[in-house]
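Thanks for coming, everyone. Please have the viewer open, and follow along as I talk.

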Amino acid sequence: MKQTSSAKMVRLRERRSAALATPSDLDARAAREVGGAMNRILADVFALYLKTKNFHWHMTGPHFRDYHLLLDEQADQIFAMTDPIAERVRKVGAATLKSIGQIGKMQRILDNDADYVEPSDMLAELREDNAALTASMREAHEICEKHRDIATASLIEVWIDETERRTWFLFETLARPDSGGR
């Protein structure tokens with residue numbers, strides 16, 4: 001017996017709105033809060049990745065090669081975070097980002113669409129963005145601790161260390177020799 005198209009649509013809508021049945025010992029509230037915090041981190045990571053690549057592609061000047069390579073290395077490291085973050089969101093029983101539109105709505109790292117940015121301004125902006133990402137990850141870590149989500153908290157700790165390293169490299173790259181490194 002053939003199903004009517006309206007019956008198929010009803011079942012499709014039901015499946016789309018059904019709660020995830022991911023096995024997790026986190027309750028629904030914890031999954032929602034941890035998943036929400038990590039999705040905001042994921043949106044910021046995608047925004048920072050694209051900004052880092054944008055600056056990598058548009059780098060100019062006498063330090064072009066060094067800065068170009070530095071930003072390419074940092075972009076690779078940032079992008080490497082995306083899949084583990086999204087998979088962690090799913091493991092706790094939450095839905096992850098599904099589109100660029102969602103990223104745009106959730107990101108806290110601001111885009112830079114300027115036609116030209118001075119290399120030192122690029123590095124300074126990325127330094128500040130990485131520092132902001134560290135702060136956001138610390139907030140997400142607190143949410144994980146509140147819900148005893150040790151696995152997500154552990155991953156965040158590694159990402160904080162990596163992000164602090166990127167911040168440090170960008171800071172030191174911008175240091176003036178005559179200012180004692182500051």
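Start at Met81. Set aside its neighbours within four places in sequence, and Met81 is in contact with Val45, Met137, Trp159, Glu162 and Arg166. Before we go on, note that this is a predicted model. Met81 is found in helix α3. Is Met81 buried or exposed? It is buried, because its relative accessible area is 1% and the cut-off for buried is under 20%. Now look along the chain. Gln102 sits 21 residues from Met81 in sequence, and their C-alpha atoms are 18 Å apart in space.

Next, the helix around it. Helix α3 covers residues 64-91. It has 28 residues. From first C-alpha to last, α3 reaches 41 Å, close to the 40 Å expected at 1.5 Å a residue.

Which residues of α3 are buried? They are Tyr67, Leu70, Leu71, Gln74, Ala75, Ile78, Met81, Thr82, Ile85, Ala86, Arg88 and Val89. Look at the spacing of the numbers as you read that list. An α-helix has 3.6 residues a turn, so residues three or four places apart point the same way. What do the buried residues of α3 pack against? They pack against α2, α5 and α6. After α3 comes Gly93, with a positive phi near 100°.

Let's take those partners in turn. Helix α2 covers residues 28-57. The axes of α2 and α3 come within 9 Å and cross at roughly 160°. That angle is over 145 degrees, so α2 is roughly antiparallel to α3. The crossing of α2 past α3 is left-handed. In this contact there are 16 nonpolar, seven polar and two charged residues.

Now α3 with α6. Helix α6 covers residues 150-174. The two helices pack at about 165°, with axes 11 Å apart. So α3 is roughly antiparallel to α6. Their crossing is left-handed. Who meets whom? On the α3 side, the residues include Tyr67, Leu70, Gln74, Met81 and Arg88. On the α6 side, they include Thr152, Leu155, Trp159, Glu162 and Arg166. By class, the contact of α3 with α6 has 12 nonpolar, four polar and five charged residues.

Stay on α6. How far apart are the end C-alpha atoms of α6? They are 36 Å apart, and the 25 residues should span 36 Å at 1.5 Å a residue, so the two agree. Its buried residues are Thr152, Ala153, Ile156, Trp159, Ile160, Thr163, Arg166, Thr167, Leu170 and Leu174. What covers the buried residues of α6 includes α2, α3 and α5.

Pick one of them, Thr152. Thr152 lies in helix α6. At 0% relative accessibility, Thr152 counts as buried. Which residues does Thr152 touch, not counting those up to four places away in sequence? Val34, Met38, Arg88, Val92 and Cys144. Thr152 and Val92 are 60 residues apart along the chain, yet their C-alpha atoms are separated by 8.9 Å.

The contact of α5 with α6 divides into 15 nonpolar, eight polar and five charged residues.

Zoom in on Ser136. Ser136 is found in helix α5. With 12% relative accessibility, Ser136 counts as buried. Beyond its neighbours within four places in sequence, Ser136 is in contact with Ile41, Asp44 and Arg108.

One more stop, in the loop between α5 and α6. Arg148 is found there. What is the phi of Arg148? It is positive, about 60°, although Arg148 is not a glycine. Is Arg148 buried or exposed? Arg148 is exposed, because its relative accessible area is 70% and the cut-off for exposed is over 50%.

To recap, go back to Met81. Met81 is buried in the model, at 1%. Its contacts include Trp159 and Arg166, and both of those are among the buried residues of α6.

Definitions and conventions:
Residues are numbered from 1 along each chain as its sequence is written. This is a predicted model: local features need pLDDT of at least 70, side-chain atom pairs count only at pLDDT 80 or more; totals for chains, interfaces and linings use all residues. Side-chain values use heavy atoms; hydrogens and water are left out. Axes are lines fitted to C-alpha atoms, for helices over the stretch in contact, and angles run from 0 to 180 degrees between N-to-C directions. Helices (H or I, at least four residues) and strands (E, at least two) are DSSP runs, numbered from the N terminus. Angles under 35 degrees count as roughly parallel, over 145 as roughly antiparallel, 65 to 115 as roughly perpendicular and the rest as oblique. A crossing is left-handed if the near helix is turned anticlockwise from the far one by less than a right angle, and right-handed if clockwise. Contact means heavy atoms within 4.5 Å. Ala, Val, Leu, Ile, Met, Phe, Trp, Tyr, Cys and Pro count as nonpolar, Asp, Glu, Lys and Arg as charged, and the others, Gly among them, as polar. The expected span of a helix is 1.5 Å times one less than its number of residues. Buried means under 20% relative accessible area, exposed over 50%, partly exposed in between (1.4 Å probe, protein chains only).
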